[in-house]
Amino acid sequence: MTLRLILMRHAKSDWDDPSLTDHARPLNTRGRDAAKAMGDWLRDNGYLPDLVLSSDAARTVETCDRLGISADTRFLRALYHASPMDMMQVLRQGGNAKTLLMVGHNPGIAEFAASLAAKAPDDPDFDRYPTCATTVFDLPIAGWQDALFGDGQVRDFIVPRRLG
């Protein structure tokens with residue numbers, strides 16, 4: 001059996017209000033547009049998740065909202081600036097979802113993507129993992145509890161500036 005994992009970094013955030021905490025920063029205009037475009041790309045390519053697991057920061061919540069995807073969505077404090085090990089622990093609790101989208105922050109999301117990949121894509125943006133970068137992995141597992149680093153076959157990788 002194969003399960004699909006989509007890893008996405010939140011879209012570009014707004015730094016204009018210095019009174020906001022890091023956790024409270026929303027998206028800027030470019031980020032809102034990028035998140036919508038990424039949602040369109042996911043739909044156009046048939047990469048629709050059954051479950052979304054996201055950090056509970058304002059910018060990740062808004063990214064998820066702007067994707068326009070109808071799926072069970074859980075906003076988790078455990079994914080706010082999470083390490084790859086923390087992300088793996090959350091992923092392993094993915095339940096019965098066949099396709100799972102995880103939305104998080106750098107550097108953790110980039111490190112998690114690199115750690116999951118059996119072979120990283122030949123793309124310089126994969127190492128940088130810019131805002132709203134998205135990797136689609138297929139994992140040869142029957143359940144999320146069986147997920148292991150290095151098992152992910154990269155099916156697709158995209159960054160918003162390539163979407164038009």
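This is a predicted model: local features need pLDDT of at least 70, side-chain atom pairs count only at pLDDT 80 or more; totals for chains, interfaces and linings use all residues.
**Helix packing**

Two packed helices are described by the angle between their axes and the distance between the axes. Helix α3 spans residues 84-91 and helix α4 spans residues 108-116; their axes lie 8 Å apart at an angle of about 70°. The two helices α3 and α4 are therefore roughly perpendicular to each other, since angles of 65 to 115 degrees fall in that class. On the α3 side, the contact is made by P84, M87, M88 and L91, which meet G108, I109, E111, F112 and L116 of α4. The residues of this contact of α3 with α4 comprise seven nonpolar, one polar and one charged.

**Aromatic pair**

Five aromatic pairs are found in a search of the whole structure. In one of them, the ring centres of F112 and F149 are 6.1 Å apart and the ring planes stand at 90°, so the pair is edge-to-face. The partners come from distant parts of the chain, 37 residues apart: F112 belongs to helix α4, whereas F149 sits in the loop between β5 (134-139) and β6 (153-158). F112 also takes part in the contact of α4 with α3.

**Backbone features**

| Site | Backbone value | Location |
|---|---|---|
| N106 to P107 peptide bond | cis, omega near 5° | P107 in the loop between β4 (99-104) and α4 |
| H81 | positive phi of about 50° | H81 in the loop between β3 (72-76) and α3 |

H81 has its positive phi although it is not a glycine.

**Largest pocket**

The largest pocket has a volume of about 230 Å³. Its lining consists of 13 residues, of which R30, A34, T131, P160 and R161 are the closest to the pocket centre. Which helix gives the most to the lining of the largest pocket? Helix α1 (residues 29-44) does, with five residues. By class, the lining of the largest pocket holds six charged, five nonpolar and two polar residues.

Note on methods:
Residues are numbered from 1 along each chain as its sequence is written. Side-chain values use heavy atoms; hydrogens and water are left out. Axes are lines fitted to C-alpha atoms, for helices over the stretch in contact, and angles run from 0 to 180 degrees between N-to-C directions. Helices (H or I, at least four residues) and strands (E, at least two) are DSSP runs, numbered from the N terminus. Angles under 35 degrees count as roughly parallel, over 145 as roughly antiparallel, 65 to 115 as roughly perpendicular and the rest as oblique. Contact means heavy atoms within 4.5 Å. Ala, Val, Leu, Ile, Met, Phe, Trp, Tyr, Cys and Pro count as nonpolar, Asp, Glu, Lys and Arg as charged, and the others, Gly among them, as polar. On a 1 Å grid over the protein atoms alone, a cavity is a set of points where a 1.4 Å probe fits but cannot get out, and a pocket is an open set with protein on both sides within 12 Å along at least five of seven lines; lining residues have an atom within 4 Å of a point. Grid points are joined across faces, edges and corners, and a volume is the space filled by probe spheres set on the points. Rings of Phe, Tyr and Trp (its six-membered ring) pair if their centres lie within 6.5 Å; planes under 30 degrees apart count as stacked, over 60 as edge-to-face and the rest as tilted.
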